Amino acid sequence: MDVDTSLVHMATGLLKSGAMKPQDKPLWYDIYEAFPPRYEPHYDRSPVIKEIKQIFYPEDVIRGKFYRKYGSPGIISLSDTSPRSSLCQLFVAEYKHLQADSSLTEDRLMEEAALALEARGFYLGHSRHPPKVNHPEITTLEPEEGGSSLAGQGKISQVRLADVFKESQGGEKL
């Protein structure tokens, strides 16, 4: 008799005799009884060698190209339950949409999908981002004296963030 089989028989015997309460039985017991193995497990039995089939969906190939070209977006939380799609999923959807509407090459489809996402405000590559402002200033419109409308009448002034914080604390401008 095998060790694993003897554990099942032992647990069954303990349950039948009342020595083990039903709520104390091992977690695996019900599963083992419901789905017993075809062949009893034994340490000296050689494993069955099976060929593992590769399953690739068309979108998996697109995802692979996306990550190869643009890299990983960083940490992705699998517990995030928000309905928004990941950047890769948006790219795949755009790629498939363009693929259905035209007969572009794969390279051109990748480029067009990236451009379509950029038009929506999603920048994939660091070189494609719009230039960043290197100074901590905010441009605002102030109405001219006597004018209430900002359209075409406003003077542009520059406000430094340090000044705003200083003024909010009651100090004077820097």
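Analyst: Aspartate 60 and arginine 63 are 3 residues apart in helix H3, a separation of about one helical turn. Helices here are DSSP runs (H or I) of at least four residues, numbered from the N terminus. The model is predicted, with local features requiring pLDDT of at least 70, side-chain atom pairs pLDDT 80 or more, and totals for chains, interfaces and linings using all residues. Residues are numbered from 1 along each chain as its sequence is written, and side-chain values use heavy atoms, without hydrogens or water.

The two residues form a salt bridge, with their closest N and O atoms 3.2 Å apart. The term denotes a side-chain nitrogen of Lys or Arg within 4 Å of a carboxyl oxygen of Asp or Glu. Aspartate 60 is partly exposed at 28% relative accessible area, as is arginine 63 at 23%; buried means under 20%, exposed over 50% and partly exposed in between (1.4 Å probe, protein chains only).

Lysine 69 forms a further salt bridge, with glutamate 111, at 3.9 Å between the closest N and O atoms. Lysine 69 lies in helix H3 and glutamate 111 in helix H5 (residues 106–119), so this contact ties together parts 42 residues apart in sequence. Lysine 69 is partly exposed, with a relative accessible area of 46%, and glutamate 111 is partly exposed, with 22%.

Aromatic residues also take part: Phe66, Tyr67, Tyr70, Phe91 and Tyr95 form one aromatic cluster. Both phenylalanine 66 and phenylalanine 91 are buried.

Notes
Phe/Tyr/Trp six-rings, centres within 6.5 Å; stacked < 30°, edge-to-face > 60°. Helix = DSSP H or I, 4+ residues; strand = E, 2+ residues; numbered from the N terminus.
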